[in-house]
Amino acid sequence: MSYQALYRVWRPQTFLDVVGQEHVTKTLQNALLQQKISHAYLFSGPRGTGKTSAAKILAKAVNCERAPVQEPCNECPACKGITDGSIPDVIEIDAASNNGVEEIRDIRDKVKYAPSAVKYKVYIVDEVHMLSIGAFNALLKTLEEPPKHVIFILATTEPHKIPLTIISRCQRFDFKRITAKAIVNRMKLIAGQTGVDYEEGSLQVIARAAEGGMRDALSLLDQAISFSRDRVTVEDALTVTGSVSQGFLNKLARAIYEKDVASGLEALEELLFQGKDPVRFIEDLIHYYRDMLLYKAAPSLEESLERVMIDEDFLQLANEMSSEIIYELIDTLNKAQQDMRWTNHPKIFLEVAIVKLCQLEKPASDQPSHDVQMLINRIEQLEDEIRQLKTNGISVGQETQNAVQNKPQRSTRRGFKAPVGRINEILKQATKPDLNVIKSSWGDMLDSLVSRQMRSQAALLNKAEPVAASSHAFIIKFKYEIHCQMAMENAKFLEAISGSLQELTGKRFEIVGVPEDQWFKIREEFLQGHHTDGKEDSTEAKEEDPIVAEAKKLFGEDLIEIKD
Amino acid sequence: MAKTWTQLEEMQPSVLKMLKNSLMKDRLAHAYMFEGMRGTGKKEVGLLLAKSLFCQNPLEGFIPCEICMNCKRINNGNHPDVHILEPDGLSIKKSQIQALQEEFSKTGVESKKKIYMIVHADRMTVNAANSLLKFLEEPSSETTAILITEQIHQILPTILSRCQTISFKPLPPQIMISQLTANGVNPSIAPMLAQLTNNLEEALELSHDDWFAQAQKIVLKLYEVLKKNPLEAMVHLQEQWFQHFKEKEQLDRGLDLLLLIFKDLLYIQLGMYEKIVYLNEKARIEQFALETSGRRLTEQMTAILEAKRKLQANMNPQLLMEQLVLQLKEGSSFV
Ligand SMILES: Nc1ncnc2c1ncn2[C@@H]1O[C@H](COP(=O)(O)OP(=O)(O)OP(=O)(O)O)[C@@H](O)[C@H]1O
Ligand SMILES: [Mg+2]
Ligand SMILES: [Zn+2]
Ligand SMILES: [Zn+2]
């Protein structure tokens, strides 16, 4: 028997083990106890956060011989049979391999037969975003009149690819990125039980690099254990994650602050000599500065810092540097990062960026920066939320989310990444008149934000504009990535915009934000017709879309500049 | 000739250390993502790992003997349980992944062990990549997957999450320089080659290439005329530049060479003389460096990088160079 990866050995078998998703597991457990079970669930969320695991646990819990229970016992024949796959009533379908109508029709035909061994027939349709349109339609038919003994659990990382008609028939649960803290705790448990020795800081490094994915974290931990001698050290963790030590970031940040180009370049050289990836590194550096901004704005909020540990060098720099300059540093780095994505020689971009950083002028600081003000607002909002959480705890039994709702878009340590899939969806249905509807209400909407006491947030829209719209959704292009990120992460603000537009236009729109440079690329790719979510492989031969006509339809005559 | 463990260990010490420790501890993962630039030895290490697994007589328990039947067959590309999947045309299709999975549903021809490698894994279509997920996460026992890519940022997060990622490092310039000179390359051009490519073979080729020698001259000339008179630079573009840099790759190389001039100027201003790469023109470049400013240099470098980007986006080269020349001309304020 070959070695089994930690993430496979440690697949959660009870809701209790599904960490960081209490908003999901608590709700499910209540429903189980009260026997209020839905006939269709949609589990959505980022990779490696527990969707498939939770689906299997749910399949067992409903069928456990001791039901109603809030956890499967994992001992009765039903639980055991489901775990080892020998009970035919729990059926896992990999939609990515079987995306055809045939398979789903087959479900439809068999769904009516009662389960043979357990109480509920459970269909787990994993990677459900890969179903073809035909298969979705077939599935919809079944979801419209599900027999009593059937439960569907759909799981996906890409809910925007699921038709609304399907979503609206499901109880939806959004799995969240798992916090670094929860990841560390889980890894400690696993390390403890498997007798792995580690340096405390190593788990922090791994948890941060995993960006909220527990599977990613366990893969990295596995790798660090293999790589290490008998103890997983911080150094091992830095090596397998490709991250840069904080000491190094401090050193470079100091050189930049002192405008010492030579030391900056030498530090960079050293880093590349160690074989660190420039793209990865620039992300680390951006996060370092982002955390510094956050720290400056609200030193008490140490918890919310994503990457940085507060050490003496960091503190000193944070005190010396003005927020304005940090903001400019981030902006420059963001631009370089965008450029680095398409090139095979990212190093040179990094070098030029470092030189530029060292040459930044101190901006005239007499004008108060509204960006900093906005950051402070955002932090106050965070503090509010935390306070609420502390007093109310995590609300249990929170109802499912309505399908067309503006949820904050997530950003990662790679900066803000526009939801390309979603944007393409909107572009497919976009029309000029829809865009005009939005545009003609734009100014009024801005005024209304101001009257709603959201002046500082409204400033985020200063250099932003609506660039495409369908009848249900529209896209805002932001000049600065950080504005986009701040706006999109602010659920209240998004709600205010769409609420105001609803009053003005009578329609409710979903809002999607995109930074300018990403927008140009997405638009270009869309127009050239290679949207990457083509459902069939056979579209290898590109149809010669009349690109320009398409563009005119979307954006209107006046907006098209025909470039070479 | 397949490279041996020792040879690859020189190239990629930490990768081989990772594999060695995993093999020794019997902790080999069921799925790897080998990522790194072209020419960093990813596929070679993949084959090496295959040999380590199948070798009948591994030295010290993990180094392939290179002489047994299995090692030989892997070196010759005809071991029945080692499967290599490559793009069929531009992409790797779902049907290829399905065929692979079917193949793997049978037990190994000679043992239970099986290995598959997916070269250019970033070129899997969306359908192909998604249909790999389950198989990648929970393969039958004793299956080892090695995915290989030069573009890790193009890989789906759901795929990455299921693999252990191993990064292959480019050769550091210092080592590249010494290897080049050891191979008889003139020390005066070795540093420049080391800046232009991470691939030893490519660098060696360039060092013998007349086109490349000529290219350097034309690039330097462009810089000189730029300083004098931008109009003259336009003429130079027509008369020499476009004659020489015809293909997209050639033009990209030209832009790289141009960029290196500006970097040299910057290094001189910073007193980092050891970094200069236009060694044959050192005196002249030092003179130029006195006549410009650090800030101006970064603006110019930014403009060149921008031109490189436009080139990748298939902008008309003529237009692109003319714009660039206008931006580079001295004394203009850059936008
Ligand atoms: N919330 C969690 N708590 C504990 N372990 C988790 C959690 N999420 C993921 N894991 C670990 O990651 C592995 C994979 O999890 P799972 O298959 O549930 O993820 P997923 O959300 O379905 O991901 P994907 O979208 O990539 O399919 C599990 O076997 C477990 O080891
Ligand atoms: Mg899953
Ligand atoms: Zn049970
Ligand atoms: Zn052998």
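Mentor: Let us begin with a definition: helices (H or I, at least four residues) and strands (E, at least two) are DSSP runs, numbered from the N terminus. In chain A, Pro68(A) belongs to the loop between α3 (51-63) and α4 (77-83). The peptide bond that leads from Ala67(A) to Pro68(A) is cis, with omega near 0°. Please note that this is a predicted model, in which local features need pLDDT of at least 70 and side-chain atom pairs count only at pLDDT 80 or more, while totals for chains, interfaces and linings use all residues. Residues are numbered from 1 along each chain as its sequence is written, chains are lettered from A and ligands numbered from 1 in the order in which they are written, and side-chain values use heavy atoms, with hydrogens and water left out.

Trainee: How many disulfides are there over all chains?

Mentor: A disulfide is a covalent bond between the sulfur atoms of two cysteines. The rule applied here asks for a pair of cysteine sulfur atoms within 2.5 Å. By this rule, the count over all chains is zero.

Trainee: What is the arrangement around the zinc ion (ligand 4)?

Mentor: Four donors count as tetrahedral if all angles lie between 85 and 135 degrees. Cys55(B), Cys65(B), Cys68(B) and Cys71(B) coordinate the zinc ion (ligand 4) through their SG atoms at 2.2 to 2.4 Å. The angles among these four donor atoms are 102 to 120°, so the arrangement is tetrahedral. Cys55(B) sits in the loop between α3 (42-54) and α4 (69-75) of chain B and Cys71(B) in helix α4 of chain B, so the pair ties together parts that are 16 residues apart in sequence.

Trainee: Is Cys71(B) buried or exposed?

Mentor: Buried means under 20% relative accessible area, exposed over 50%, and partly exposed in between (1.4 Å probe, protein chains only). Cys71(B) has a relative accessible area of 0% and is therefore buried. Cys55(B), at 10%, is buried as well. In chain A, Cys76(A) is buried at 6%.

Trainee: Where does ligand 1 lie?

Mentor: Ligand 1 lies between chains A and B. A residue is near a molecule or strand if one of its heavy atoms lies within 4 Å of it. There are 24 residues around ligand 1, and among those that come nearest are Tyr7(A) and Arg162(B). A polar contact is a pair of N or O atoms within 3.5 Å; within protein, one must be able to donate a hydrogen and the other to accept it, and residues adjacent in sequence count only if both atoms are side-chain atoms. An oxygen atom of ligand 1 is 2.6 Å from a polar backbone atom of Tyr7(A). A nitrogen atom of ligand 1 is 3.0 Å from a polar backbone atom of Gly50(A).

Trainee: Which backbone oxygen does the side chain of His23(A) reach?

Mentor: The side chain of His23(A) reaches the backbone oxygen of Asp174(A) at 2.6 Å. His23(A) itself is in helix α2 (residues 22-33) of chain A.

Definitions and conventions: Donors are N, O and S atoms within 2.8 Å of the metal (3.2 Å for Na, K and Ca); water is not among the atoms, so sites may look incomplete. Four donors count as tetrahedral if all angles lie between 85 and 135 degrees; four count as square planar and six as octahedral if opposite donors are over 155 degrees apart and all others between 65 and 115; anything else is irregular.
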